[in-house]
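Visitor: I would like to learn how to read a few features of a protein model, step by step. Could you take me through them?

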Amino acid sequence: FDVVSFNLLAPVYKRLSSLNTITGRRHREDSDFTLWNDRLTQTIDFFRSEIYNDAAIIALQEYWLDPEYRILFETQFKQHGYEVYILQRTGEKMDAVAIAIKSDIFEVCGIENVHLCTYGDRVALLLWLKHRSTGFNLLVANTHLSFPHNTIDKINQVSQMKNLEADATAYMGLFNEMSENDTMSNYVSADLRAATMATVSY
């Protein structure tokens, strides 16, 4: 089976070129329904043509919790045989990490919501899965680490992974170019560094 990890770039974070004349800041995509809906439609079309047929596990980061957005996305998941599990970030963040599981391939035996830190409102979603045809058990974890703007953020990344401390079969997520130090490499291997999409076959 295939495992896919995909950062959706939530419309509340996607900056546009136009500026707000009052604040001087760039507008965000969530302020324009046509823009975010068009991008979502393209994403769903991509999933339909490239992802749904092969992927048994889909990890999502920056999954926007807008009701209309969720209905469009989750309707597609249901139609293609997935169950979706969602963990919202802490604080007032309007995005989440999510894992979609092909229900005819895996049984979900357990769920754990992990709050990694309040700085950056980081969380991790863990699922204990049982492969229906073989009985094989695995633990998958999906997270989205802080972006390393500075040294403090890099240290915080290490702290976030330490707080996860899960003996996972597969770590998935957006790791945001983690620093190449020995402490970090103990938690996540080099081939799992940040990527817009990464696919691993098992």
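This is a predicted model: local features need pLDDT of at least 70, side-chain atom pairs count only at pLDDT 80 or more; totals for chains, interfaces and linings use all residues.

Visitor: Which residues line the largest cavity, and which helix gives the most to the lining?

Guide: The lining is made up of Leu8, Leu9, Pro11, Glu29, Trp36, Arg39, Leu40, Thr43, Tyr69 and Phe73. Helix H1, residues 33-51, and helix H2, residues 67-79, each contribute at least two residues to this lining, and H1 gives the most, with 4 residues. Sorted by class, the lining of the largest cavity contains 7 nonpolar, 1 polar and 2 charged residues.

Visitor: At roughly what angle do the axes of H1 and H2 cross, and how should I read that angle?

Guide: The axes of H1 and H2 come within 11 Å and cross at roughly 10°. Angles under 35 degrees count as roughly parallel, which means that H1 is roughly parallel to H2. On the H1 side the contact is made by Phe33, Trp36, Asn37, Leu40, Thr43, Ile44, Phe47 and Arg48, while H2 brings Glu68, Tyr69, Leu72, Phe73, Gln76 and Phe77. By class, the residues of this contact divide into 9 nonpolar, 3 polar and 2 charged.

Visitor: Turning to the strands, how many bridges join E5 to E6, and what lies between these two strands?

Guide: As a general idea, in a regular strand the side chains alternate between the two faces of the sheet. Here strand E5, residues 82-88, and strand E6, residues 95-102, run antiparallel and are joined by 7 bridges, with leucine 87 having valine 97 of E6 as its bridge partner. The two strands form a hairpin with 6 residues between them, and in its turn glycine 91 has a positive phi of about 70°.

Visitor: In which sense do E2 and E3 pair, and which residue takes a positive phi in their hairpin?

Guide: Strand E2, residues 15-19, pairs with strand E3, residues 26-28, in the antiparallel sense over 2 bridges, and leucine 19 stands opposite arginine 26 in E3. The hairpin of E2 and E3 has 6 residues between the strands, and glycine 24 takes a positive phi near 80° there.

Notes:
Residues are numbered from 1 along each chain as its sequence is written. Side-chain values use heavy atoms; hydrogens and water are left out. On a 1 Å grid over the protein atoms alone, a cavity is a set of points where a 1.4 Å probe fits but cannot get out, and a pocket is an open set with protein on both sides within 12 Å along at least five of seven lines; lining residues have an atom within 4 Å of a point. Ala, Val, Leu, Ile, Met, Phe, Trp, Tyr, Cys and Pro count as nonpolar, Asp, Glu, Lys and Arg as charged, and the others, Gly among them, as polar. Axes are lines fitted to C-alpha atoms, for helices over the stretch in contact, and angles run from 0 to 180 degrees between N-to-C directions. Angles under 35 degrees count as roughly parallel, over 145 as roughly antiparallel, 65 to 115 as roughly perpendicular and the rest as oblique. Contact means heavy atoms within 4.5 Å. Two strands pair if DSSP finds at least two bridges between them.
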